[in-house]
Amino acid sequence: QLVESGGGSVQTGSSLTLSCAASGRTFSSASMAWFRQVPGKEREFVAAISWNGDVSWYDDSAKGRFTISRDNSKKMVYLQMNSLKPNDTAVYYCAANPRPLRVGTETNGWGQGTQVTVSA
């Protein structure tokens with residue numbers, strides 16, 4: 001089970017940190033990722049992190065502004081988002097072990113999502 005939190009309504013240029021709390025014994029061995037979706041559009045990849053946190057991947061839209069991290073001892077994944085823009089507005093979802101990594105056609109679970117709204 002995955003539970004996201006930390007979304008909200010902010011202004012352009014602001015920062016937010018999303019959190020994803022995981023349960024289950026396989027968390028520490030699974031890659032984790034953040035995706036986002038706007039109504040009427042396909043879900044899109046934002047960032048992912050390897051099981052041990054050594055490697056991370058970002059969509060071009062997130063590079064330099066977002067940072068994904070994890071704490072396996074707490075079974076938590078985070079997405080630090082800086083310099084937010086209106087087109088970052090979406091529902092953000094946490095995913096466990098997405099396959100393929102940047103698509104998430106299959107996963108070991110999705111969270112319920114947390115809304116991020118960025119106003120101009």
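Before I start, a word on conventions: because the model is predicted, local features need a pLDDT of at least 70 and side-chain atom pairs count only at pLDDT 80 or more, while totals for chains, interfaces and linings use all residues. Residues are numbered from 1 along each chain as its sequence is written, and side-chain values use heavy atoms, with hydrogens and water left out.

Let me begin with the overall architecture. The chain has zero helices and 11 strands, where helices (H or I, at least four residues) and strands (E, at least two) are DSSP runs numbered from the N terminus. The radius of gyration is 13 Å, close to the 14 Å that the globule rule gives for 120 residues, so the chain is as compact as a globular protein of that length; that radius is taken over C-alpha atoms, and the rule is 2.2 Å times the number of residues to the power 0.38. Along its principal axes, the C-alpha trace spans about 40 × 30 × 25 Å.

Of the contacts (heavy atoms within 4.5 Å) between residues at least 6 apart in sequence, 55% join residues at least 24 apart. Buried residues make up 40% of the 120 in the chain, and here buried means under 20% relative accessible area, exposed over 50% and partly exposed in between, with a 1.4 Å probe and protein chains only.

Now to the interior. In soluble globular proteins, nonpolar side chains tend to be buried together. In this chain, the largest nonpolar core has 26 residues, and those with the most contacts inside it are Met 32, Trp 34, Leu 79, Met 81 and Tyr 92. By a nonpolar core I mean a set of buried Ala, Val, Leu, Ile, Met, Phe, Trp, Tyr and Cys residues joined through side-chain atoms within 4.5 Å. The elements that give two or more residues to this core include strand 3 (16-22), strand 4 (32-37), strand 8 (76-81) and strand 9 (90-96). Apart from it lies another core, of five residues, among them Ala 33, Phe 45, Ala 48 and Ala 95.

Which residues does Val 77 touch, once those up to four places away in sequence are set aside? Val 77, which lies in strand 8, touches Leu 18, Ser 19, Cys 20, Phe 27, Met 32, Trp 34, Ile 68, Ser 69 and Arg 70. Val 77 counts as buried because its relative accessibility is 0%, and its C-alpha atom is separated by 8.0 Å from that of Ala 22, 55 residues away along the chain.

Finally, some backbone details. Most residues other than glycine have a negative phi, and most peptide bonds are trans. Asn 97, in the loop between strand 9 and strand 10, has a phi near 50 degrees and counts as partly exposed at 24%. The loop between strand 9 and strand 10 (109-110) also holds Pro 100, which a cis peptide bond joins to Arg 99, with omega about -15 degrees.
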